[in-house]
Amino acid sequence: EWLARVLDNTIELPERQRMLAYIEKMQAWKRSWMPATSARAAILQLHMLKYHDQLVNDMGENHLRKGWNKAAEAFAPYSAADYRDIFVNKLEGSPKGYAKAHWTLPKA
């Protein structure tokens, strides 16, 4: 969905140089604490929720997907069902319309 919105020009990306500089900064940070091992993917999973939050925020959606249930937000695992309303309008069963959003570089 995020990529579809980028390709549809509903998410405006920053200029290339800013994005490349941010990627370089994040790679340096991750390499500073993440050991070079074949199990790095498991370590990376610790940051996957933050990555998903950023994608959802980029689309102009609320990254808190458990509604008003603060206990569930804090302790219950996320699943695909938590993101369902981003993709499909429940009443019409059609792809959800969306407004233009601006992609911002997250604070490091």
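This is a conversation about how a few terms are applied to a predicted model.

Tutor: In this predicted model, local features need pLDDT of at least 70 and side-chain atom pairs pLDDT 80 or more, while totals for chains, interfaces and linings use all residues. Residues are numbered from 1 along each chain as its sequence is written, and side-chain values use heavy atoms, with hydrogens and water left out.

Student: Why does Arg5 count as buried?

Tutor: Buried means under 20% relative accessible area, exposed over 50%, and partly exposed in between, using a 1.4 Å probe and protein chains only. Arg5 has 1% relative accessibility, and therefore it counts as buried.

Student: Why is Tyr83 called buried as well?

Tutor: Tyr83 has 13% relative accessibility, and because this is under 20%, Tyr83 is buried.

Student: What makes the pair of Tyr78 and Tyr83 tilted?

Tutor: Rings of Phe, Tyr and Trp (its six-membered ring) pair if their centres lie within 6.5 Å, and planes under 30 degrees apart count as stacked, over 60 as edge-to-face and the rest as tilted. For Tyr78 and Tyr83 the centres are 5.7 Å apart and the planes are at 40 degrees, so the two rings form a pair and it is tilted. By this rule the count comes to 1 aromatic pair.

Student: How do you know that Lys66 lies over the face of Tyr78?

Tutor: A charge sits over a ring if NZ of Lys or CZ of Arg is within 6 Å of the ring centre and within 35 degrees of the ring normal. Lys66 is placed over the face of Tyr78, at 5.1 Å from the ring centre.
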